[in-house]
Amino acid sequence: FLYCSASGGPGGAIYLESMSLGDRADLLLDECLFSTCSSTSSGGAIWMDGGNLEDSSSTFIGNHAAKKGGAIATINSSTEARAVEISLADNLLKYNTASRGGALALAGYQVSLTNSTLASNGAQSSGGAAMLFNCQSTLKDVIFYHNKAEDDDSFGGALFLAGLGGV
């Protein structure tokens, strides 16, 4: 996925929305490249509302979102009783930018981030590399390197956690 863009909404390369209870769309990615994708909204490369994401050995480099999640942005507006999950393993997220959550802006998911590197990502506001809101998160063997939240009143140069949930 190279030089993809969404000028009217979220998801520069991929837009995934689960439409109703029981019709959940899931996404499985393996060894994909997302480079120089952009959105005038959120999710420079990927935007998801509901559904599961499993991604291994992918690279997200140089993506941008005007609002949240330079590489990936999610919201879970589903009313399903079962949890929705995001699993990222062996990924590289580098040089991604957004207003909030330079590489990742995830809300309302169970998040597993393993053996991955988030480097040189930037956000104007909070979460230079990642912003996790109302997420139950597991981070294992993750490297956060040279990420930055730019504004004087910003928080979490590497990671910003808010709401219910924990790490």
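I took a disulfide to be a pair of cysteine sulfur atoms within 2.5 Å. With that cut-off I searched the whole structure and found 0 disulfides. For C4, the closest cysteine sulfur is in C37 at 4.1 Å, which is too far for a bond. C32 is in no disulfide either, since the sulfur nearest to it, again that of C37, is 11 Å away. I also looked up the exposure of C32, which is buried (under 20% relative accessible area, with a 1.4 Å probe and protein chains only), at a value of 18%.

I noted that this is a predicted model, in which local features need pLDDT of at least 70, side-chain atom pairs count only at pLDDT 80 or more, and totals for chains, interfaces and linings use all residues. Residues are numbered from 1 along each chain as its sequence is written, and side-chain values use heavy atoms, without hydrogens and water.

Next I turned to the strands, which are DSSP runs of E with at least two residues, numbered from the N terminus, and which pair if DSSP finds at least two bridges between them. I found an open sheet of 5 strands in the order 4-8-12-16-20, with parallel pairing. Strand 4 (33-35) and strand 20 (143-145) each have a single partner strand and stand at the edges, so one side of each has no neighbour in the sheet. Strand 16 (residues 117-119) is joined to strand 20 by 3 bridges, and T117 has I143 as its bridge partner there.

I then followed strand 9 (residues 64-68), which runs parallel to strand 5 (residues 38-39) and is joined to it by 2 bridges, with A65 as the partner of S39. Strand 9 is also joined by 3 bridges to strand 13 (residues 97-100), again in parallel, and there K68 has R100 as its partner.

Definitions and conventions. Buried means under 20% relative accessible area, exposed over 50%, partly exposed in between (1.4 Å probe, protein chains only). Helices (H or I, at least four residues) and strands (E, at least two) are DSSP runs, numbered from the N terminus.
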